[in-house]
Amino acid sequence: MSFFSFGQSAQIDIVLNDAETRKKAEHKTEDGKKDQYFLFYDGDTVSGKVNVTLKNPGKRLEHQGIKIQFIGKIELYYDRGNNYEFVSLVKDLAQPGELTQSRTFDFEFTNVEKPYEAYTGQNVKLRYFLRVTVSRRLNDISKEMDIVVHTLSMFPELNSSIKMEVGIEDCLHIEFEYNKSKYHLKDVIVGKIYFLLVRIKIRHMEINIIKRETTGTGTNVYHENDTIAKYEIMDGAPVRGESIPIRLFLAGYEITPTMRDINKKYSVRYYLNLVLIDEEERRYFKQQEITLWRRGDVVRKSMSLQAAIASQRFECSSSDEKALAHAQDKEQ
């Protein structure tokens, strides 16, 4: 509404040049709802048209200039008064004057740098958007249009397996290993649990995927842990020498790439948490950080075939290691 409560005298619409062919991606808003937005990548050109439609044809619209901005911004929920713009581009569409009829303006932001992935978390939001402003003496007329940006990564060259132990002296000794430490968002986590010593009655075992969002710096640091997935490995008491396989598909969960120190404002990390619960409801757990990354769309095999291949490779490597160890023992 304007100062005189007559409402805005023009409507603004932003139309992308490739709106009919550009892919869309689902993205969560601050209120937890999901919506579809046009998808862009780092270096993509953002171009289109701005339609300024007069609501009262024949009536002049005086303005102090018309501009469009492309903005990348980080918003910290606990610090609403401060917004951190890491991308800010401006194009002037019209010099100060007046509109006597509806107009269409072309715009283009060429090869725009978009260094970070769009993200909506519990304490922080990183968003990219276009903003058109018709500057006026009393009240500006503006319109914003959000887009989603995904960051793609290459397959990591070093991707070693994870091997760790969980133990309570003279009561419990477990070894567990996962085939990799870095996974893409549609990957499959393959692993095994080995029970070397079991003298307590374990009732239940599960693996959790935990997302840890860290915002702020110094004394004003906030940590938010969110359990993304719970995957039951075992229900019942294991025995010594038993081995339990793990196969966890990531595609069905709401996860993002790992984000480390984004613009020195926040980080998002992921952990695999192995949880054991005994008959007295005591909990034992071991946590291990993993790296998640997003890869581009490629023709890929079905997830079940991926899991089978990963499992076969992992089992072969495990058996080779055991055979080698056995051979070394015989030599000694």
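What average pLDDT does the protein have, and what share of the residues score at least 70? The average is 84, and 86% of the residues score at least 70; pLDDT is the predictor's confidence in each residue, from 0 to 100. This is a predicted model, in which local features need pLDDT of at least 70 and side-chain atom pairs count only at pLDDT 80 or more, while totals for chains, interfaces and linings use all residues. Residues are numbered from 1 along each chain as its sequence is written, and side-chain values use heavy atoms, with hydrogens and water left out.

**The whole chain**

Show the whole protein as a cartoon. It has one helix and 22 strands; these are DSSP runs, numbered from the N terminus, with helices being H or I of at least four residues and strands E of at least two. Of its 332 residues, 44% count as buried, where buried means under 20% relative accessible area, exposed over 50%, and partly exposed in between (1.4 Å probe, protein chains only).

Next, colour by pLDDT and select residues 1-6. Their pLDDT stays under 50, and the model has four contacts for them beyond four places in sequence; a contact means heavy atoms within 4.5 Å. Then select residues 298-306, where pLDDT also stays under 50 and the model has 14 such contacts.

**Strand β6 and its partners**

Select residues 66-76, which form strand β6; ten of its eleven residues are buried. A hairpin of six residues links β6 to β7, and Glu75 stands opposite Asn83 in β7.

Is Thr133 buried or exposed? Thr133 counts as buried because its relative accessible area is 8%. Beyond four places in sequence, its contacts include Ile66, Gln69 and Asp140.

**Thr214 in strand β17**

Move to residues 202-215, strand β17, and select Thr214. This residue is buried because its relative accessible area is 18%. Which residue makes a side-chain polar contact with Thr214? The partner is His223, at 3.1 Å. A polar contact is a pair of N or O atoms within 3.5 Å; within protein, one must be able to donate a hydrogen and the other to accept it, and residues adjacent in sequence count only if both atoms are side-chain atoms.

Also show Ser267. Ser267 is among the contacts of Thr214, as are Val221 and Tyr266.

**Glu177 in strand β14**

Select residues 172-178, strand β14, and find Glu177. Glu177 is buried yet has no salt bridge, and the nearest side chain of opposite charge, Lys163, is 4.1 Å away. A salt bridge is a side-chain nitrogen of Lys or Arg within 4 Å of a carboxyl oxygen of Asp or Glu; Lys and Arg count as positive and Asp and Glu as negative, while His and the chain ends are not counted. The side chain of Glu177 does make a polar contact of 3.3 Å with the side chain of Tyr194.

**Last stop: Ser160**

Select Ser160, in the loop between β12 (141-150) and β13 (162-168). Leaving out residues up to four places away in sequence, Ser160 touches Asn179, Lys180 and Ser181. Its C-alpha is 8.2 Å from that of Lys182, which lies 22 residues away along the chain.

How values were computed: Pairing = 2+ DSSP bridges.
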